[in-house]
Amino acid sequence: MDQSLEQAIDDTALTGLRIAVVEDDPELRHLLVAELSDHGAAVAGLPSAEALYRHLSVHPCDIVLLDLMLPGEDGYSVAAHLRQASQVGIVMLTGRGGARDMARGLEDGADLYLVKPVDLGVLVAAMASLRRRLEVPAADTGTTPLAQATGWRLQAGGWQLQAPDGSMLDLGAAERAFLETLISTPGQAVDREMLISRITSDPWDFDPHRLEVLVHRLRARVRRLAGSPLPVRAVRGAGYLWVPDPG
């Protein structure tokens, strides 16, 4: 890494950022994971698309650093799938630097397209820049202003839901946006169109049934963790509402 660039990058530039590195070369994967971790990110190194999907089913992620040539499903297909299913940031890192490859990667959903070999300082700076564009907050141990008197609280900049018993649930981007929208207007129903517009940048291509699936899975996760129901109520013909503290 260029020494002047290394000095210009804060060691905490990526603190709190959750990154999945999908790279089938184990040596390069280890190098990338180590570099991003050194700048504060929580990083998982994964060798394939299949491993990425398994990881994302359990662990929330802010940015996926994605190789193009992977075993099985390639990076183009992965990017297109991720862009359709979530709002995760996507950075392609590949040896294919042709204009046509780059255009296809960006069209398939990549936010940034970097060509190997990449200066690690440039990579870290690119991740920090994308973080600002995605409005992913830095690590925060305080309580968001949206905390309510019900005992349920959004913590860590909205990325964790705290139950009344103190247990904490990590949230994905869509879950975070859904809960923030409801909690900001307790006792008032928010229609499905509004909720969908908050959880996706492309509401016209969003299947409304996916909202019901999101709510069902969120309720199930909360019940398994806290043993109590999530105070979200479906209102026929009106959407969903956050049930305020009856006291």
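Of the 247 residues in this protein, 43% count as buried. The model is predicted. The protein has nine helices and ten strands. Among contacts with a separation of 6 or more, 57% link residues 24 or more positions apart. Five of the strands form an open, parallel sheet.

**The sheet**

- The strand order is S2-S1-S3-S4-S5.
- Strands S2 (42–46) and S5 stand at the edges. Each has a single partner strand, so one side of each is left without a neighbour in the sheet.
- From one strand to the next, the twist averages 20 degrees.
- Strands of a sheet pair through backbone hydrogen bonds, and the pairing can be parallel or antiparallel.

- Five of the five residues of S1 are buried, so S1 is largely enclosed by the rest of the structure.
- S1 and S2 run parallel and are joined by five bridges.
- Ile19 has Val43 in S2 as its bridge partner.

**Strand S4 and its two partners**

- Six of the six residues of S4 are buried, so S4, too, is largely enclosed by the rest of the structure.
- Both faces of S4 are covered. Gly89, Val91 and Leu93 are buried on one side. Ile90, Met92 and Thr94 are buried on the other.
- Strand S3 (residues 63–66) runs parallel to S4 (residues 89–94), and four bridges join the two.
- Leu65 pairs with Val91 in S4. Leu66 stands opposite Met92 in S4.
- S4 and S5 also run parallel, with four bridges between them.
- Met92 stands opposite Tyr113 in S5.

**Helices on the sheet**

- Helix H2 (residues 26–38) lies across strand S1 (18–22), S2, S3 and S4. H2 runs at about 175 degrees to S2.
- Helix H6 packs on the sheet as well, touching S1, S3, S4 and S5. The direction of H6 makes about 145 degrees with that of S3.

**A cis peptide bond**

- Most peptide bonds are trans.
- The bond that joins Lys116 and Pro117 is cis, with omega at about -5 degrees.
- Pro117 is found in the loop between strand S5 (112–115) and helix H6 (120–134). S5 is an edge strand of the sheet, and H6 packs on that sheet.

**The cavity**

- The count comes to one cavity of 30 Å³ or more.
- About 30 Å³ of space lies in the largest cavity.
- The lining of the largest cavity consists of Trp152, Leu161, Gln162, Ala163, Ser167, Leu169, Val222 and Leu225.
- Strand S7 (160–162) and helix H9 (209–226) are the elements that give two or more residues to this lining.
- By class, six lining residues are nonpolar, two are polar and none is charged.

Key: Residues numbered from 1 in each chain as written. Predicted model: local features only at pLDDT ≥ 70, side-chain atom pairs only at ≥ 80, totals over all residues. Heavy atoms only, no water. 1 Å grid on protein atoms, 1.4 Å probe; cavity = no way out; pocket = protein on both sides within 12 Å on 5 of 7 lines; lining within 4 Å. Points joined across faces, edges and corners; volume = space filled by probe spheres on them. Nonpolar A, V, L, I, M, F, W, Y, C, P; charged D, E, K, R; others polar. Pairing = 2+ DSSP bridges. Axes fitted to C-alpha atoms, helices over the stretch in contact; angles between N-to-C directions. Contact = heavy atoms within 4.5 Å. Buried < 20%, exposed > 50% of the residue type's maximum accessible area, 1.4 Å probe, protein only.
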